[in-house]
Amino acid sequence: MSDDGTPAENQNPPLACDFCGRPGNDAGPMIEGKALQAIAPDREIAHICSHCVEICDGIFEQHRRSKIQIDKLPVPRELVAHLDDYIVGQESVKKTLAVAVVNHYKRVLGREVTDDELKDVEVAKSNVLLIGPTGCGKTALAQTLARRLHVPFAIGDATTLTEAGYVGEDVENLILKLVMAADYDIAAAEKGIIYIDEIDKIGKTSQNVSITRDVSGEGVQQALLKLLEGTTANVPPQGGRKHPEQQYLQVNTTDILFVCGGTFVGLEEIIAKRLGHKMIGFGRGAEVVQDRELERNELMAQVTPEDLERYGMIPELIGRLPIIAALDQLSVADLEKILVAPRDSLSKQYRVLFHLDGAKLEFTPEAIHEIAKLAKARGTGARALRSIMENLMLDIMYELPEREPGQTYVVTDKIVRKEDRLFQPAAKA
């Protein structure tokens, strides 16, 4: 008999997790099910605690993130169509980038080669260099591709990097950002994409007569070589050098796609000099500016590795960026399309915000043109559009939640030019 008078043979044994053995009073809620003979040979019911369930869920999630399905790898045409939904213009660059990315992941995913003559052929890694003015879509292209492929993506700035042992970030911090984007899933990170911005700012300066070491220029280029080619990088999980006792993560960069971007200001003059071409001089007026932009686009399309070497990039780094694509400067017409055409364009974003407050928002074509002209004048590409829109919509967004719902507000060119009172509801038909 037990203390409470119940026969011992009728007592239920104390609950415990059949996976970790944690007793019921420590394990919390449990899931019960029919016991397998291998797990609980003496019972019909088995239990698993919430702690073990969470661990199992984490293992399954990590497996799902790590595995890129070969069958789901899109063809280049599909990637370009996806880019068209988010990026305006740059048709040649989209095609180049789509082919490069698909070829890279064909190599990574290891499709079986059935031809005996080709079985031992090793496909070389092809990183990408994007050259284009600020705000033309370099970062957006890489980011949109990574989102479509469902692979981890990280952005790094080359201007913050220095050689190991100097104040600044080590190049391994780029890998750390990718590992963090993959939730510390090393297998997933090793199939990710890293975008390195401002790569032109680490060009060596041949005219520099200083005896001090160029720790943020040529030194960084040298440090990037192995990462771009493929190596096992020792990555500090906490970043930096402040925790020498930390256990380093080992990440193989062989299958990481590196996309580098830079403005390369003045590169067109180097190309023009090589071609014996005299560029249009400075002048006033929209036609002269437009002609200079068209000339710049044509010259940049003819860039060669030798031009980049004259600019200050070391030959070894250029060799590890075999695919070079030059982006065009955005015209006023391009900026107009960016405002309305992409799936997540600024005009659509503000229409959503108005909708959430029970109102409608419309833009006249003249207003879109005026906003694009203002952005073009700032010279920072599509980046200028958001600041102009934020300034334009500030007052109405401040008042909108308190206004009568069901109104329609129309943005005109006079409102953009501050010639008209801001955002009175449109007259109802």
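Below are my entries, from the whole chain down to single residues.

**Entry 1: the whole chain**

I began by noting that this is a predicted model. I then went through the secondary structure and found 17 helices and 11 strands in the chain. Next I looked up burial: of the 429 residues, 39% count as buried. For the surface, I got an accessible area of about 24700 Å², with 52% of that belonging to carbon and sulfur atoms. I also checked how far along the sequence the contacts reach. Among contacts with a separation of 6 or more, 69% are between residues 24 or more positions apart.

**Entry 2: the largest pocket**

I turned to empty space next. Rolling a probe the size of a water molecule over the atoms shows where such space is left. The largest pocket came out at about 770 Å³. It is lined by 30 residues, and those closest to its centre are I87, G137, A140, I338 and A382. Which element gives the largest share of this lining? I found that it is α5, with six residues. I listed α5 (138–149), β5 (193–197), α13, α14 and α16 as elements that each supply at least two lining residues. By class, I noted 13 nonpolar, 10 polar and seven charged residues in the lining of this pocket.

**Entry 3: the cavities**

The largest cavity holds about 40 Å³ of space. Its lining is L129, I199, F264, L308, M313, I318 and L321. I sorted these by class and got seven nonpolar, no polar and no charged residues.

**Entry 4: helix α13**

In α13 (residues 332–340), I found D334, L335, I338 and L339 buried. Seen down the axis of α13, these buried residues fall within an arc of 140°, so they line one face of the helix. I checked what they pack against and wrote down α14 (346–356), α15 and α16 (383–399).

**Entry 5: M389**

I picked M389 in helix α16. Is M389 buried or exposed? With a relative accessibility of 1%, it counts as buried, because the cut-off for buried is under 20%. Leaving aside neighbours within four places in sequence, I found M389 in contact with L339, L346, S347, Y350, F363 and I371. I looked at S347 too: its C-alpha atom is 8.8 Å from that of M389, though the two residues are 42 apart along the chain.

**Entry 6: T364**

I found T364 in the loop between β10 (360–363) and α15 (365–378). T364 is buried, at 17% relative accessible area. Not counting residues up to four places away in sequence, T364 touches V410, V411, T412 and D413.

**Entry 7: two positive phi angles**

Last, I looked at backbone angles. Y184 is not a glycine, yet it has a positive phi of about 65°. I placed Y184 in the loop between α6 (172–181) and α7 (186–189), and its 42% relative accessibility makes it partly exposed. K418 also has a positive phi of about 65°, and it is not a glycine either. I found K418 in the segment after α17 (413–416), where it is exposed, with a relative accessible area of 55%.

Definitions and conventions. Residues numbered from 1 in each chain as written. Predicted model: local features only at pLDDT ≥ 70, side-chain atom pairs only at ≥ 80, totals over all residues. Heavy atoms only, no water. Helix = DSSP H or I, 4+ residues; strand = E, 2+ residues; numbered from the N terminus. Buried < 20%, exposed > 50% of the residue type's maximum accessible area, 1.4 Å probe, protein only. Contact = heavy atoms within 4.5 Å. 1 Å grid on protein atoms, 1.4 Å probe; cavity = no way out; pocket = protein on both sides within 12 Å on 5 of 7 lines; lining within 4 Å. Points joined across faces, edges and corners; volume = space filled by probe spheres on them. Nonpolar A, V, L, I, M, F, W, Y, C, P; charged D, E, K, R; others polar. Areas by Shrake-Rupley, 256 points an atom, 1.4 Å probe, with all protein chains shown as cover. Arc of directions from axis to C-beta.
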